[in-house]
Amino acid sequence: MNTGGVVRGAIGALVSAAAAEVLTRTGVLGLAPFSEVVVRFFALAADGGFLLNAADTVAAWAAGLALATVAAVLTGVLLGSVSFLNTAAGVVVEFLRPIPSVALIPLAILLFGAETQMKIALICYAAAWPILLNTIYALRDVDPLAKEALRSFGFGRLAVLWRVSLPSAAPFVATGVRVSAAIGLVVVIGAELYGGGERGIGVVLIQARSGGGSDEVMLAVALWAGVFGLAVNTLLQRLSRTAFRWHAVRTGDLR
């Protein structure tokens, strides 16, 4: 563990918290004092209703990210390995990729209703693109000499893909998953905010706003979302460095 990095991160968090407290206490920011938000933050940890809503959000996020990972990796391997298919699908990919998932909420509600299936579908759509593109580009950049060396020993196309291409691309696919995890969290809360439904962190935010505009509750919920996102990103980074330590050694990323 990089102790220096942890210390610097802690210092940055404390400085940011102190600045937020000063700005809210002096009225520069017309929000609840940061200290009150922190109190509410810890109170939510003991709130059964909030925990159930958070669990529903996390479950939809995890399911959507898992589906996106499987679909994007399989599609990326196919497009990255077969140049004809990659060229044929290029226009479709470039057309669909810029469409924001929020714009698809009405269509998702029409198809799946304002429940978990709608959130999973939107997460899967939004989270698939970074994984798909990372997979395609990583497979394109595999060392051709390594592939030719294996072919010279009589290995077929599938064997070369399994023994050389996929291991070489795996660290970049993992990076795509890490990026998509953050995107999925944003999308699931946005879908709950704008798509309605009965459960989820977004629903808690709507209820806080409609129930008198309790900004300390809304900020505390947002803080929980940020903490969850940070925890997931840190976990995925650690897993990636452990699983692909050879890649971390080569790139010098051993933090």
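Visitor: What percentage of the 255 residues in the protein do buried residues make up?

Guide: Buried residues make up 33% of the 255 residues. Buried means under 20% relative accessible area, exposed means over 50%, and partly exposed lies in between, with a 1.4 Å probe and protein chains only. This is a predicted model, in which local features need pLDDT of at least 70 and side-chain atom pairs count only at pLDDT 80 or more, while totals for chains, interfaces and linings use all residues. Residues are numbered from 1 along each chain as its sequence is written, and side-chain values use heavy atoms, with hydrogens and water left out.

Visitor: Why is asparagine 86 called buried?

Guide: Asparagine 86 has a relative accessible area of 16%. The cut-off for buried is under 20%, therefore the word applies to asparagine 86.

Visitor: Which residues does asparagine 86 touch, not counting residues up to four places away in sequence?

Guide: Asparagine 86 touches Leu79, Ile136 and Arg140, where contact means heavy atoms within 4.5 Å. The place of asparagine 86 is in helix α4, residues 83-96.

Visitor: How many helices and strands are there in the protein?

Guide: There are 11 helices and zero strands. Both are DSSP runs numbered from the N terminus: helices are H or I with at least four residues, and strands are E with at least two.

Visitor: What makes a set of residues a nonpolar core?

Guide: The members must be buried Ala, Val, Leu, Ile, Met, Phe, Trp, Tyr or Cys residues, joined through side-chain atoms within 4.5 Å. The largest such core here has 46 residues, and Trp61, Leu122, Val188, Ile189 and Val221 touch the most other members. Helix α6 (116-140) is one of the elements that give two or more residues to this core, and α6 gives the most, with 14 residues. A second, separate core has five residues, including Ala138 and Leu161.

Visitor: Why does the pair of glutamate 21 and serine 35 count as a polar contact?

Guide: The side chain of glutamate 21 reaches the backbone nitrogen of serine 35 at 2.7 Å. A polar contact is a pair of N or O atoms within 3.5 Å; within protein, one must be able to donate a hydrogen and the other to accept it, and residues adjacent in sequence count only if both atoms are side-chain atoms. The distance of 2.7 Å is within 3.5 Å, so the pair meets the distance cut-off.

Visitor: Where is glutamate 21 found?

Guide: Glutamate 21 is found in helix α1, residues 3-25.
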